[in-house]
Amino acid sequence: MHIYMKTLGCRLNEAELESWSREFQEHGHQLTQVLEQADLVVVNSCAVTAEAVRKSRKAMHRAHNHNPEAKLVVSGCYASLDPATTAQEMGVDLVISNQDKDRLVEIVSAELKLKSMPQLATEPGVNSLLARGRQRAFVKVQDGCRYNCTFCVVTLARGDERSRPIAEVVEEINQLHAEGIQETVLTGVHIGGYGSDLGSTLTELIQQVLEQTNIPRLRLGAVEPWDLPPQFWSLYENPRFMPHLHLPLQSGSDNILRRMARRCKKGEFAHLVADARAKIPNFNITTDVIVGFPGEGEPEWQESLEFIRETGFGHLHIFAFSPRTGTLAAEMPQRVDRETMRKRSQELHELGQQMKRDTLQQNLGQTYPVLIEGKEQNGEVWAGYTPNFLRVAVPCVAGDTLDNQIVEVTLESINNDGTTLMGRII
Ligand code: SF4
């Protein structure tokens, strides 16, 4: 069969799509990037915001309108939160909840009577990611979350915490490395809770991956700021563990953090960041911030803005508050009007741009190993990321092929829009 896969939302959804891709190929099926060619379409949906739900439904409708003959399978958070409505959507043949996601290929094969032809399996060593021009592999290590931040629908959609055994994660990373992948990202819903059901920890997982694999570059997906033990920072002494961390702050106001039921207050967050920066050179911290959470009056907003400015971040992911059905925050009074939310998002966006430019400035003159991810700007430059996750571009030289290569780059200037470091290969 020809299979078309579409994912929306988080890195965990991407990681799941990548493992389904490999599994379908092992059964002799072919992946296609052309919707109209597909016999089967799989959509991995998202429900983190109202906009994500709109896009998920649009992807389902587009699949059916462009290829009504194909079988349509939908999984992910939108489908899990409302399986009955999803099953009623035009053209949907099968809905697979998040709880059954790891068995998606098995269930689809059984329910839709797919023939398995392992003899036609894609040659070993051909990595579907690299074939699709991707160099960074997301590896699922954990699912679910024990906490209930009042704005979060993910914890409702993904259920209780469950971790993949370390041996399974190590095996997958060794397989990916054997197929040419040089960088993997450990991802999950609440990876700080890794091992809570196995008597293990995230620290042990990282240590074992660094010991039992030769993957050149290991990254972490987002980690909640209340999960990191003091000795965690010593892991970064290993140069294969990339010195960047995405630590969701969500708000810089303690009153709002309390309303969000976040387990980390401003002071603790500031201490954590200062500790990391004191121990790890050129450590890059990026974050998520929700703007316009119910009860965010002008004083709370100014407090939040000031805390974010003082802390300094390499990048800000900014989300306008989106009430999600079933969450406590959706029922909270003191909503912030759309115009105020728009103004605050704009203000934070401008601050984010300045902080990114400051971070790039601080790294000028450094020389880093950069994983080249492909050409940009009409083939004029090669682009990739430093270990501390800063975007870099180097000029292309006729005839050079640097795709998926790790090259030493000296950072010399910042591009006009302040998003990318311009460098020279040494
Ligand atoms: S810790 Fe993260 S995944 Fe868990 S409820 Fe809070 S925001 Fe959601």
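Two residues are said to be in contact when they have heavy atoms within 4.5 Å of each other. By this rule, 19 residues of domain 1 are in contact with 24 residues of domain 2. The model is predicted, so local features need pLDDT of at least 70 and side-chain atom pairs count only at pLDDT 80 or more, while totals for chains, interfaces and linings use all residues. Residues are numbered from 1 along each chain as its sequence is written, and side-chain values use heavy atoms, leaving out hydrogens and water.

The protein is divided into domain 1 (2-120), domain 2 (132-242) and domain 3 (367-425), with bounds that come from an automatic or database domain assignment. Between the C-alpha centres of domain 1 and domain 2 the separation is 24 Å.

The size of an interface is often given as the accessible area lost when the parts come together. Buried area is this loss for two parts, computed with a 1.4 Å probe and summed over both. Domain 1 and domain 2 bury about 1700 Å² between them, with 54% of it on carbon and sulfur atoms. On the side of domain 1, Arg11, Leu12 and Arg22 lose the most area to domain 2, together 34% of what that side buries.

Side chains of opposite charge can pair when their charged atoms come close. A salt bridge is counted when a side-chain nitrogen of Lys or Arg lies within 4 Å of a carboxyl oxygen of Asp or Glu. A search of the whole structure finds 30 salt bridges, and across the interface of domain 1 and domain 2 the rule finds six. Two salt bridges from the structure are listed below.

| Salt bridge | N to O distance |
|---|---|
| Arg22 and Glu172 | 2.7 Å |
| Arg136 and Glu183 | 2.7 Å |

The pair of Arg136 and Glu183 links distant parts of the chain, 47 residues apart: Arg136 belongs to strand 6 (residues 136-140) and Glu183 to strand 9 (residues 183-187). Strands here are DSSP runs (E, at least two residues), numbered from the N terminus.

Note on methods. Helix = DSSP H or I, 4+ residues; strand = E, 2+ residues; numbered from the N terminus.
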